[in-house]
Every structure is written in structure tokens, then in C-alpha cells.
Amino acid sequence: MHFTLIALMINTAYYRGKKVAVVGLARSGLACANLLYDLGSRVWVTDNKDDDLIRLNALKLKSKEINLELGSHSQEFIREKDLVVVSPGVPSDASPLIWAKEFRIPTISEVEFAWDLCPGKVIAVTGSNGKTTVTTLIAKLLEAAGKDNVFVCGNIGNPFSGEVEKIKENDLVSLEVSSFQLERIKKFKPQISVILNFSCNHLDRYKNIDEYLGVKKRIFMNQDKTDYLVLNYDDPVLRDLSKETDAQVVYFSERKNLNPNQAALLCIGLILGVDEKLAQGVFREFKGIEHRLEYVTQINNISFINDSKSTTIESAIWALKNIDSPIVLIAGGKHKGVNYSLILDLARQKVREAILIGEAGEMIESAFKGFISIDRAITLEEAVQKAYLKAKPQDCVLLSPMCSSFDMFSDYEERGRVFKRAVYDLAKSKVIESSEKV
């Protein structure tokens with residue numbers, strides 16, 4: 001029997017009968033709990049939230065012998081467990097993790113748990129920006145090259161642990177990996193790891209930028225000379241990482257007619273033996289992803305663009321650079337300790353008005369005040385209304401928050417959906433107004 005299959009059988013057997021606590025019951029936690037149950041583990045799930053999403057996920061587990069705790073954490077759900085598996089959104093100072101450390105219980109991330117059971121070849125993608133786009137493009141490139149059974153999962157919104165039971169030995173996995181998921185890996189070892197870029201981010205979670213970089217570097221910590229590490233040569237911080245890995249380093253660089261994401265994809269294709277012309281065709285046909293510079297509609301010659309996935313200043317800069325018309329910007333959300341003045345020079349050229357929402361609104365206003373006209377809104381729906389009233393024909397209303405969504409929404413996808421619904425509702429009301437005038 002092949003070594004990989006023997007190892008997988010051993011890993012699968014390890015979980016049978018084990019007492020495992022899962023911390024967090026959003027998408028990753030739900031997938032993790034289901035997989036553990038299928039493996040024969042005794043499962044406890046705890047989440048300090050008790051909102052509609054968490055209750056819905058809890059309902060999905062009710063038919064199984066899984067212990068559930070919502071609205072708070074208790075030591076009983078952690079004590080005497082064999083393992084604790086952590087969802088990516090759980091902060092490192094959460095009480096279940098502190099208790100697990102006190103009780104000397106091993107703690108791993110959901111992506112580590114899934115990788116331990118995955119027989120396929122993993123291409124793991126991280127970076128401060130562009131992860132979802134490149135992860136999606138890798139799968140499209142592999143499918144265009146005739147590769148069967150390509151799985152797209154991870155931080156992209158499709159949990160790795162929800163797919164791993166379907167993955168076979170020769171299958172390929174395009175896996176988006178966030179810094180949060182890398183915090184608690186132990187043996188995670190992708191055949192190809194990719195770091196697209198690095199910029200100041202998540203300083204609400206990490207002590208400083210060096211700690212954030214240290215977490216990103218964990219993606220290649222277990223790689224050896226049989227593996228590949230793909231790095232952005234244009235980023236001096238990443239360029240120098242070649243000295244810290246045993247993997248074979250392949251660099252990509254932005255060049256004429258190729259943006260950084262496309263250049264990265266060409267490198268990955270080269271490693272996998274995919275023709276460059278095929279990759280060029282994938283670029284031409286790619287229509288983008290939901291919530292990333294997604295065109296919604298036009299109302300009275302005013303365009304509306306959903307860029308809810310923009311959770312960093314760099315991604316907002318990318319959005320501004322790629323829109324030619326004057327912009328009414330909707331921004332704000334959960335503050336992540338970044339300096340919003342970094343976007344000011346470009347915003348002064350491109351942004352007519354800014355409508356600010358969320359807890360970061362005050363800090364963004366401080367950076368923009370005196371240079372850009374500012375208004376505030378309590379809800380995203382109100383922001384859409386105000387942005388429309390301030391916009392002129394040929395303008396673009398752009399949702400590009402520069403912040404995470406967790407102060408107002410469960411994730412960036414919910415924020416994007418709320419934005420689109422508000423825009424469509426506004427469009428309907430304008431149609432009604434026009435018909436009444438006639």
C-alpha cells in the first residue's frame with residue numbers, strides 16, 4: 001500500500017474516540033465539527049456568540065451527538081479533552097485557549113486539522129492582499145490544463161475541513177490561508193506555498209508588524225527541498241525570505257501587461273508544467289470574484305461597485321487606481337491599527353466625497369479632514385443613500401472599506417450582500433419615482 005494512504009489511515013484512526021473541543025461555530029467550526037463526528041470523535045463545540053448565524057449552525061448539528069455551548073465559554077467544554085481545534089476568527093487571548101494551555105491540551109488550527117487528513121497536493125496562498133483572486137485563478141488554470149478534481153478552499157469561504165473527505169491522493173487543492181489560520185499550525189506542509197505581498201495589517205491582533213510577518217512566514221516553516229516557495233521579488237521583505245527556507249524559491253515580478261497576481265500565477269503554472277499561453281487565456285476569461293471590484297448596477301448614470309473584500313489600505317488603493325471616474329467612497333469598519341493617511345494622496349485625486357461607517361470612521365475622518373469632504377452614516381444602507389445623493393452623473397459609488405467587517409457584520413460577504421441589496425432597493429425606488437412622475 002502507498003505510504004501516503006498508510007499515513008492517512010493512521011491519521012484518521014487517531015481521531016476515533018478522541019474527545020475534541022472545537023472553538024467557534026461559524027463556517028470553519030461547523031465543517032470541523034461535522035468532520036470530527038464522521039471520524040468517530042466525541043465532539044464539544046463552544047462559541048461565545050449567540051446570533052442568528054451561530055444558532056442556525058447549531059441547529060445543523062442538533063441531530064448528531066455533539067455537545068453545544070452558545071453565548072459563553074465554560075471550562076467544562078475544554079477540561080479533559082484530547083485536542084482543541086480553533087476556528088480562524090478566534091483571538092489568541094480567548095478564554096478556551098487560555099484554559100487549554102493551563103490544562104496542557106494540544107491546540108491546532110482548523111487548517112492544520114484538515115491538512116493532517118488530506119492526501120492531495122496542496123498549493124497554499126497567503127499575503128496581505130489578493131489571496132482570494134489568486135487562489136481562484138490557480139483552480140481555473142489547473143482546470144483549463146485538464147487537471148481533474150481541483151478543490152478550492154480555505155479562507156476563501158469554503159472550509160478545508162468541509163472538503164477533505166472528498167479529496168483523493170492525486171487531487172489538487174488550491175488553498176487560501178490567512179495569518180489567523182497559520183498561527184496554530186504544527187505540521188502543515190504544502191507542496192507549493194505562495195506569499196503574494198506583505199503590508200501593515202491586523203495590528204489589532206498582533207503586537208507589531210514583525211509579529212504579523214512571523215506568522216505569515218509559518219506557511220513555509222515545514223517545507224523542505226522537495227517543495228516550492230513562490231515569493232514576490234518586488235517586495236524587499238519577501239525577497240529576503242529565501243534565506244530562511246529549505247524549499248526551492250521561485251520569484252515572480254510585475255511586468256508589462258502582467259499585474260502581480262497574474263505574474264504569481266504564471267510562476268505557479270511553471271512549477272506545475274502548465275503552458276504560459278494557457279494562463280494568458282485564463283486571465284482574459286476571468287470575470288473577477290464576488291465582493292472584489294464587483295459591478296452592481298447603474299442608477300441615473302451613477303455606477304455602484306462592491307469592493308467589500310477590501311479590508312486593507314492596499315486593496316482600497318488598488319480599487320481607486322482601477323476606477324477612472326470620480327468616486328464617492330464608502331469606507332470604515334473594524335479598525336485594525338493601520339494608518340489611513342497612506343491612501344490620502346491618491347484619495348485626493350480620485351475621491352469626490354467619503355461616507356464613513358463603523359468604529360474606524362472617526363480615525364479615517366481624522367486622516368481625511370481638510371482634504372476630502374466627509375459625511376458619516378450609522379448603517380451601510382444609510383451610507384448608500386447619502387452616497388447616491390452626493391454623486392453626480394458619471395460618478396462611481398464605491399464600497400471599499402479598508403477595514404474588516406466584524407464591528408457591524410459577520411464577515412465581508414454579509415457586508416457586500418447588504419450593500420448590494422441597498423443598491424438594488426435604491427434602484428427600485430428610483431424606477432417607481434420615475435413612473436409616478438410620468
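These are my notebook entries on a few places I looked up in this structure.

**Ground rules.** I am working with a predicted model, where local features need pLDDT of at least 70 and side-chain atom pairs count only at pLDDT 80 or more, while totals for chains, interfaces and linings use all residues. I count residues from 1 along each chain as its sequence is written, and side-chain values use heavy atoms, with hydrogens and water left out.

**Entry 1: Asn57.** I found Asn57 in helix α3, residues 52–61. Helices are DSSP runs of H or I with at least four residues, strands are runs of E with at least two, and both are numbered from the N terminus. Is Asn57 buried or exposed? Asn57 counts as buried because its relative accessibility is 3%; buried means under 20% relative accessible area, exposed over 50%, and partly exposed in between, with a 1.4 Å probe and protein chains only. Leaving out residues up to four places away in sequence, I see Asn57 touching Leu25, Ala26, Arg27 and Leu30. A contact here means heavy atoms within 4.5 Å.

**Entry 2: α2 against α3.** Next I looked at helix α2, residues 27–38, which packs with α3 at an angle of about 10 degrees, the axes being 10 Å apart. The axes are lines fitted to C-alpha atoms, for helices over the stretch in contact, and angles run from 0 to 180 degrees between N-to-C directions. So α2 is roughly parallel to α3; that label covers angles under 35 degrees, with over 145 roughly antiparallel, 65 to 115 roughly perpendicular and the rest oblique. On the α2 side I noted Arg27, Leu30, Ala33 and Asn34, which meet Asn57, Lys60 and Leu61 of α3.

Entry 3: I moved on to the loop between α12 (276–285) and β12 (294–299), where His291 lies. His291 counts as buried, because its relative accessibility is 2%. Again skipping residues up to four places away in sequence, His291 touches, among others, Asn306, Asp307, Tyr412, Glu413 and Arg417. Leu293 also sits in the loop between α12 and β12. How exposed is Leu293? Leu293 is partly exposed, with a relative accessible area of 28%. Its phi is near 45 degrees, a positive value in a residue other than glycine.

**Entry 4: Asn300.** My last stop was Asn300, in the loop between β12 and β13 (302–306). I noted that phi of Asn300 is near 50 degrees, a positive value in a residue other than glycine.
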